[in-house]
Amino acid sequence: MRFAIQPIEFIDLKAQQQRILPVLERRLKAVLQHCKFIMGPEIGELEEKLAGYVGVEHCITMASGTDALLVSLMALGVGTEDEVITSPFTFISTGETIALLGARPVFVDIDPRTLNLDPTYLEGAITQRTRAILPVGLYGQCPDVDSINAIAAKYGIPVIEDAAQSFGATYKGRKSCGLSTIGCTSFFPSKPLGCYGDGGACFTDDDELATKMRLIRIHGQDRRYHHSVLGINGRMDTLQAAVVLAKLEVFPWEVSARARIGAKYSELLREAVVTPYIEPHNTSVFSQYTVQLNHRENAQQKLREAGIPTAIHYPIPLHRQPVFSGLDLQEGSYPVAESAAKRVLSIPMHPYLKEQEIRFIASTITAITVQSMS
Ligand SMILES: Cc1ncc(COP(=O)(O)O)c(C=O)c1O
């Protein structure tokens with residue numbers, strides 16, 4: 001087994017920081033000078049730029065991706081006794097925010113190729129209580145939005161796109177976050193567009209929903225110390241907005257670098273493992289580059305020994321999480337999600353990965369899988 005000569009980062013935030021340092025310093029210094037740490041001018045500037053980037057009327061920044069989901073659900077009036085249909089194969093926030101409002105997450109299984117919500121199960125899951133559909137753009141690829149939107153429209157149900165991992169991706173030429181009633185994203189540091197702490201945003205073309213989300217984000221306050229609806233403290237910090245503004249300047253380049261690296265990995269790994277399937281009408285931002293393979297623990301151990309970090313997104317589907325045991329969903333309820341959870345492995349992915357690192361990672365994985373087959 002060969003070893004990485006230099007440590008390989010799973011996500012290299014330092015390389016990115018070096019590239020944007022002058023603009024980052026200028027942006028942060030401006031905030032330190034004006035001291036408007038809450039709802040400072042960078043918030044409005046970022047919202048305008050992000051709405052323009054996505055191509056929607058409104059962007060409302062939030063304290064995190066989780067708050068973006070929570071505020072969206074609140075703005076749609078989701079509450080006790082309601083049901084929200086979502087994917088069981090996602091990060092906990094997607095299901096957690098539904099349950100926090102007293103509503104019930106109703107899972108439908110995923111497509112075995114994209115690992116995103118499979119719309120063919122949707123109609124069977126819709127009931128009188130369904131208040132929203134919440135698909136996820138897992139690993140950086142949008143779900144089957146046209147099919148989901150068509151079914152939602154037939155039943156008059158709004159759709160929230162959980163685009164925490166797919167911001168920057170396109171679906172049939174349109175940008176993620178602008179594809180349904182509301183799009184939500186996260187600026188968690190490891191996300192394709194990340195800040196240096198927590199942050200997130202909601203996107204919509206609907207004026208009324210935008211107004212509601214702005215209200216809910218600041219304690220339901222419509223004027224100083226006057227609260228017309230129930231809200232939360234869901235604001236994004238000005239300093240974090242300044243970081244995202246700095247990163248936005250290199251984001252289009254980073255999105256293409258991610259696509260190039262993803263394609264290279266797929267070319268090199270095609271024979272060794274199941275590589276991510278990207279629909280021809282989609283572009284992925286490869287928030288994660290996640291392969292599927294057997295004997296995962298063994299592969300992970302060997303990669304660790306070779307100096308290659310990996311991660312599992314996600315080892316337990318939501319319906320099998322202890323927190324959702326009350327839903328009484330047994331093993332076997334969502335077989336595709338359960339099988340994916342046993343086989344997925346994310347390998348280093350960031351826009352600053354070097355050609356020799358990509359080749360080293362791919363050849364190490366190939367050697368491991370060949371060994372485990374013999
Ligand atoms: C699919 C998905 N939804 C929601 C979130 C929540 O975002 P945040 O960590 O910013 O709250 C994440 C973040 O990891 C995510 O991956």
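View 1. A backbone N or O atom of G65 lies 2.8 Å from an oxygen atom of the ligand. From the side chains, an N or O atom of S186 is 2.7 Å from an oxygen atom of the ligand, and an N or O atom of K191 is likewise 2.7 Å from an oxygen atom of the ligand. Because this is a predicted model, local features need pLDDT of at least 70 and side-chain atom pairs count only at pLDDT 80 or more, whereas totals for chains, interfaces and linings use all residues. Residues are numbered from 1 along each chain as its sequence is written, and side-chain values use heavy atoms, with hydrogens and water left out.

**View 2. Helix 1 against helix 8.** Two packed helices are described by the angle between their axes and the distance between the axes. Helices (DSSP runs of H or I with at least four residues) and strands (runs of E with at least two) are numbered from the N terminus, while axes are lines fitted to C-alpha atoms, for helices over the stretch in contact, with angles from 0 to 180 degrees between N-to-C directions. Helix 1 (residues 13–34) packs on helix 8 (residues 238–248) at an angle of about 135°, and their axes are 8 Å apart. This angle makes helix 1 oblique to helix 8, given that angles under 35 degrees count as roughly parallel, over 145 as roughly antiparallel, 65 to 115 as roughly perpendicular and the rest as oblique. The contact (heavy atoms within 4.5 Å) involves residues of helix 1 including I20, L24 and L28, and residues of helix 8 including L239, A242 and L245. By class, the contact of helix 1 with helix 8 has 11 nonpolar, 3 polar and 2 charged residues; here Ala, Val, Leu, Ile, Met, Phe, Trp, Tyr, Cys and Pro count as nonpolar, Asp, Glu, Lys and Arg as charged, and the others, Gly among them, as polar.

**View 3. Helix 1 against helix 2.** Helix 1 also packs with helix 2 (residues 41–54), at an angle of about 140° and with the axes 10 Å apart, which makes helix 1 oblique to helix 2. On the side of helix 1 the contact is made by R27, A30, V31 and H34, and on the side of helix 2 by P41, E42, E45 and K49. These residues divide into 3 nonpolar, 1 polar and 4 charged.

**View 4. Helix 3 against helix 7.** Helix 3 (residues 65–75) and helix 7 pack at an angle of about 125°, with their axes 9 Å apart, and that makes helix 3 oblique to helix 7. V71, S72, M74 and A75 of helix 3 meet L209, K212, M213 and I216 of helix 7, a contact with 6 nonpolar, 1 polar and 1 charged residues.

Key
Polar contact = N/O pair within 3.5 Å; in protein donor to acceptor, adjacent residues only side chain to side chain.
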